[in-house]
Amino acid sequence: MKKIAYLMLVLSSLLSISCEIEEVGTLNLLTEEIVNVSGERAIVMGRIVAFENIPVEDHGFYFAEEESFLEPMVVSLGATERPGRFVGEVSGLQLGRNYFVKAFVVRNGELIFGNVLSFETLNPSILRFEPLVQFGGGEITITGVNLADDTRVFFGDREAVVREVIFGFQVRVTVPPIATSISEQIRVVTSGVELLVETPFRYAVGKYTLLEEDALEGFSIIENIYFQREDRFFVGMGRDRSNRTTNGILGYENLVWEYDFGKGKWLETGFEARMQRRASDSHTGFVGGGIYQNTVSGPQIPNDNYWYFDGDDFQEIPSPPINMADGFGFEIQGQFYIAGGTLGVGSQVYRFDPATDSWEIRPNLPSNVDKGMVHFVYNDDLYWIDRDKNLFQYNPFTAQSSAISIYPSPMVEAVSDSGGFALVMGHKVFIGLYNNAREMWELDLETLDWGRKQNFAGDVRGVVAGAYAKDGLIYFLRSFAINPRTEFWEFDPEAF
């Protein structure tokens, strides 16, 4: 019984093979596998089955849209005498069509075919393009599926220059100059099929305007605080970058200025605190800490004065139980936080609650931070960019943090990793103008997409001394050591 069952199994296997292989003498031919299919190409594998070398004058594949193969496309691989697998590739196929293929050999002048397989070519599609924002004349890369060599790209109605089509899945394109809009719909035409890219392309735009060449009357302010209350801008404390003194005593460092939009000038407020610099600053009205130094060569004494501007006056608040200089300052839900800095533990966090008029220690940050790193608050979370360009998000209530993105500027680490500012407007934050750099970037905090803005048009040797937002515009101060001054600029992120 076992022998009968075995013979039946062998017979069944032979019958199955005979359905797929055409047998001629001692040579069997098999159309074995569709290896790969794209929109206009296909790769197919065949196999010559023999127990010895059998010379054939030609071998390859027939392709056709009809199973009758009346008008075939022939892929000839030439003569061979060795049995085994062989591979053929066909190009120039139509998108989204059904095709048939069969292997062939020519032996002793006789054309021999293998079994027939079928496949369907794919339709093209667009997956993404990057960067999402670019300058006119710059380059973007469109990534998709089954993009033909004849691919054309249009920005609106204007055709762009296609630099290269890479293996049917990437297209390098030169962006045409900006015309009448900062946003354009990209169209891709490949093998006669038109595809619309869902995400609009945006041009890198922005306009810088110098409002005052010497905003603080020759005072080049650094290591200062700045903050905004509604539409009111304030800057002060810190020190003069040129270290000017009166009878050996540093001057002006205890002043605070406010910008008067009506007069178009920065004016002294009359508030004079004990001279302090490198203080923590929420940029919303809470300031304090840092160091006190009344002469250029005098000792640097920790300063424990803290203040809050309530809209009318500066109110003194209790000192925290620690000394902090160069620390983060930020406000969340009406409470003032100070963190990190260059005194003591660079990751410590304390919180001041105006309701109880007291400070309490909070969980440490996951790493050391200082005022040289840009930081900001969005939706009650703290964000900062470290010196490895990582953007961190920190929840002050759960103490959970994570790195959520990378600052895309090549400037950090290569040129400078300190200075600059981060300013939130709606669900976007504008980050840039690190020391010695012209770059400005826009980050969408809902999608975490980065976009370039126009480079800063002024002198890059300045240091950012303040940043503010009003009516969709950004205002910033920059101080200079050479030809000491503090410039005041306006930036329209959507103008061109």
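The model is predicted. Its largest nonpolar core has 32 residues. A search of the whole structure finds 25 salt bridges. The largest pocket has a volume of about 580 Å³.

**Strand pairing**

- Strand β27 spans residues 255–260 and pairs with strand β23, residues 232–236.
- The β23 and β27 pairing is antiparallel and rests on three bridges.
- β27 and β28 form a hairpin with four residues between the strands.
- In this hairpin, G264 takes a positive phi near 65 degrees.

**Nonpolar cores**

- Nonpolar side chains tend to be buried together in soluble globular proteins.
- In the largest core, the residues with the most contacts inside it are V235, W266, F421 and F476.
- Elements that give two or more residues to this core include β23 and β27.
- The others are β43 (419–425), β44 (428–434), β47 (463–470), β48 (473–480) and β49 (485–492).
- Leaving aside neighbours within four places in sequence, V235 touches residues including L255, V256 and W257.
- V235 is also in contact with W266, A465, Y468 and L477, among others.
- Further contacts of V235 include L216, I221, N224, I225 and Y226.
- Another core, of 20 residues, lies apart from the largest one. Among its members are A42, V56, F61 and F63.

**Salt bridges**

- Side chains of opposite charge can pair when their charged atoms come close.
- R239 and E223 form a salt bridge, with their closest N and O atoms 3.3 Å apart.
- This pair links distant parts of the chain, 16 residues apart. R239 sits in strand β24 (residues 239–240), and E223 in the loop between β21 (221–222) and β22 (225–229).
- R239 is buried, because its relative accessible area of 16% is under 20%. E223 is partly exposed at 29%.
- R387 forms a salt bridge with D370, and the closest N and O atoms are 3.0 Å apart.
- R387 lies in the loop between β40 (381–385) and β41 (390–394). D370 lies in the loop between β38 (358–362) and β39 (375–378), and the two are 17 residues apart.
- R387 counts as partly exposed at 27% relative accessibility, whereas D370 counts as buried at 16%.
- K453 forms a salt bridge with E494, with the closest N and O atoms 3.7 Å apart.
- K453 is in the loop between β46 (449–452) and β47, and E494 is in the segment after β49. They are 41 residues apart.
- K453 counts as buried at 2% relative accessibility, while E494 counts as partly exposed at 36%.
- K453 and E494 belong to one network with R202, K428 and E442, joined by salt bridges that share partners.

**The largest pocket**

- The largest pocket is lined by 23 residues.
- K371, G372, G419, G420 and V464 lie nearest its centre.
- β43 and β47 each supply at least two residues of the lining.
- β43 gives the most, with four residues.

Notes: Residues numbered from 1 in each chain as written. Predicted model: local features only at pLDDT ≥ 70, side-chain atom pairs only at ≥ 80, totals over all residues. Heavy atoms only, no water. Pairing = 2+ DSSP bridges. Core = buried A, V, L, I, M, F, W, Y, C linked by side-chain atoms within 4.5 Å. Buried < 20%, exposed > 50% of the residue type's maximum accessible area, 1.4 Å probe, protein only. Contact = heavy atoms within 4.5 Å. Salt bridge = Lys/Arg side-chain N within 4 Å of Asp/Glu carboxyl O. 1 Å grid on protein atoms, 1.4 Å probe; cavity = no way out; pocket = protein on both sides within 12 Å on 5 of 7 lines; lining within 4 Å. Points joined across faces, edges and corners; volume = space filled by probe spheres on them.
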